[in-house]
Amino acid sequence: MIQETFIENMIQLRKKAGLSQRKLGEELGVSNRAVSKWENGLAMPTIDNLYKMSKLFRVPIDAFWAEADADEEREAHKGMKSLTELYKIGRGPSSSHTMGPEKACLKFLEKNSGADRFRAVLYGSLAKTGKGHGTDRVIRKTFYPVFCDVEFDYTNTKLPHPNTMELFAYAGNQEIDRILVLSVGGGEIEIESLPSHPSEKIYDLSTFSEIAKQCRKRRIRLWQYAIETEGPDFEAYMQTVWEAMKHSIHAGLEAEGILPGGLNVVKKAKHLIGQQHIDESAETKENRVVCAYAFAVGEQNASGEKIVTAPTCGAAGVVPAVLYYQQQKRNYSDTDIIHALITAGLIGNLIKTNASISGAECGCQAEIGSACAMAAAALGELFGLDIDKIEYAAEIAIEHHLGLTCDPICGLVQIPCIERNAVAAMRAINAVSLASFLSDTRKISLDKVIQTMKETGLDLRRQYKETAEGGLAKLRI
């Protein structure tokens with residue numbers, strides 16, 4: 001506990017001083033690797049370095065072991081960013097493995113436009129599953145026509161994040177720049193050595209209980225709270241999101257052939273949608289059509305086509321599948337669907353803020369589990385359920401995905417990922433149905449389940465978190 005307090009305080013003090021690990025190392029006369037070891041609990045700084053840091057950070061030495069004030073800690077974690085950072089339109093197959101690295105490379109290229117070659121080194125999950133996700137292809141394509149050599153480092157485990165990469169720029173034989181990049185999920189990145197301009201937290205509240213309390217007090221729906229917070233252009237942005245989701249379904253239902261990557265997986269969405277029988281029951285039809293829509297998006301994602309992160313690329317098929325099915329079945333307007341999408345976004349944002357939506361960080365429960373919770377909440381809004389029932393639906397959805405591993409075969413977002421989208425879509429429908437009957441009997445809050453999901457994810461062994469080393473990923477097809 002003492003070491004954990006030291007690590008937490010050191011990281012906060014360093015960031016407050018505006019220093020990267022590399023810059024702090026330069027100030028102390030040590031390597032950035034040494035600083036990384038201190039912040040990962042693998043080593044402790046010497047007394048001399050502690051003294052230097054206390055002077056540098058302008059705090060007494062005992063500040064490194066001081067327990068944070070509870071009120072100050074809650075205040076530091078309060079608030080959430082815009083839903084526009086959750087719903088992103090981009091190319092699959094992975095928000096962390098393709099969208100994030102692409103974003104980092106574009107920034108690095110802009111900063112080093114005079115470089116005549118680049119080098120990228122992938123670590124952790126980016127190395128273990130980068131080939132299957134096409135990380136190397138995206139990096140080379142982004143730097144093209146300038147040459148970029150991509151290396152996969154499978155041995156370094158002393159990393160600040162499971163999705164870590166380094167980028168190097170060269171002029172001739174001289175290294176002119178380098179950065180350490182963390183792809184933290186949902187297409188978001190953190191770059192240590194570049195000035196960061198983090199987006200602001202526009203939501204004052206960051207727990208469901210707080211948001212629900214305000215909505216009840218003001219007698220407004222969850223989506224109304226979000227629209228008031230986001231501003232006048234938000235609904236137009238969400239219309240763009242919904243159009244992109246529908247496009248990925250339509251395109252996926254028409255696509256045929258084999259998915260790229262070498263597993264020879266046949267695209268199934270078109271086959272599923274065309275399998276109607278004369279005597280097909282309503283329940284069977286619902287299962288088939290919802291699954292076809294989820295497969296359509298999942299296959300588009302696996303093919304590197306444009307999809308919407310909801311909350312990630314790998315889980316992008318769940319939310320659009322259930323909403324598009326309901327729109328086709330009951331003629332809901334696009335406005336109704338957008339309000340449901342916004343409600344889903346609030347749930348996804350709460351998970352992203354208080355736990356994780358990264359498979360490399362917390363397993364597939366953070367991706368598919370989060371998507372299922374979002375879809376359940378969206379359906380609750382679409383059906384006009386009250387806030388308690390919407391919360392219960394989302395809570396059920398997460399609760400029954402706890403411990404789900406992220407173990408794609410060969411690192412490809414295909415098996416079991418595409419099927420998991422379909423299964424989660426059906427589970428979301430079941431969750432909202434159950435919640436509509438039993439919400440007054442529940443004992444666990446959504447906030448508590450989100451926290452439990454985070455703890456479960458941290459407890460999962462490394463090989464079950466997008467490393468292609470455990471679970472189904474060990475199978476050879």
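Select Glu 151, which counts as partly exposed at 31% relative accessibility (buried means under 20% relative accessible area, exposed over 50%, partly exposed in between, with a 1.4 Å probe and protein chains only). Glu 151 sits in strand E3 (residues 147-152) and Arg 119 in strand E2 (residues 117-123), so the pair ties together parts that are 32 residues apart in sequence. Helices (H or I, at least four residues) and strands (E, at least two) are DSSP runs, numbered from the N terminus.

**Before you go on**

This is a predicted model, where local features need pLDDT of at least 70 and side-chain atom pairs count only at pLDDT 80 or more, while totals for chains, interfaces and linings use all residues. Residues are numbered from 1 along each chain as its sequence is written, and side-chain values use heavy atoms, leaving out hydrogens and water.

Colour by pLDDT, the predictor's confidence in each residue, from 0 to 100. The chain's mean is 91, and 95% of its residues reach 70 or more. Then pick residues 70-76, where pLDDT stays under 50. Where pLDDT is low, the predicted coordinates should not be read in detail.

The whole structure has 23 salt bridges. Which of them is buried? Asp 177 is, at 12% relative accessibility, whereas Lys 111 is partly exposed at 45%. For a network of salt bridges, select Arg 22, Arg 33 and Glu 166.

**Into the core**

Next, show Tyr 87, Met 245 and Leu 323, which are among the residues touching the most other members of the largest nonpolar core, a group of 105 residues (buried Ala, Val, Leu, Ile, Met, Phe, Trp, Tyr and Cys joined through side-chain atoms within 4.5 Å). Helix H18 (residues 368-382) gives the most to this core, with eleven residues. Apart from it lies another core of 21 residues, including Leu 122 and Ile 191.

Key. Contact means heavy atoms within 4.5 Å. A salt bridge is a side-chain nitrogen of Lys or Arg within 4 Å of a carboxyl oxygen of Asp or Glu.
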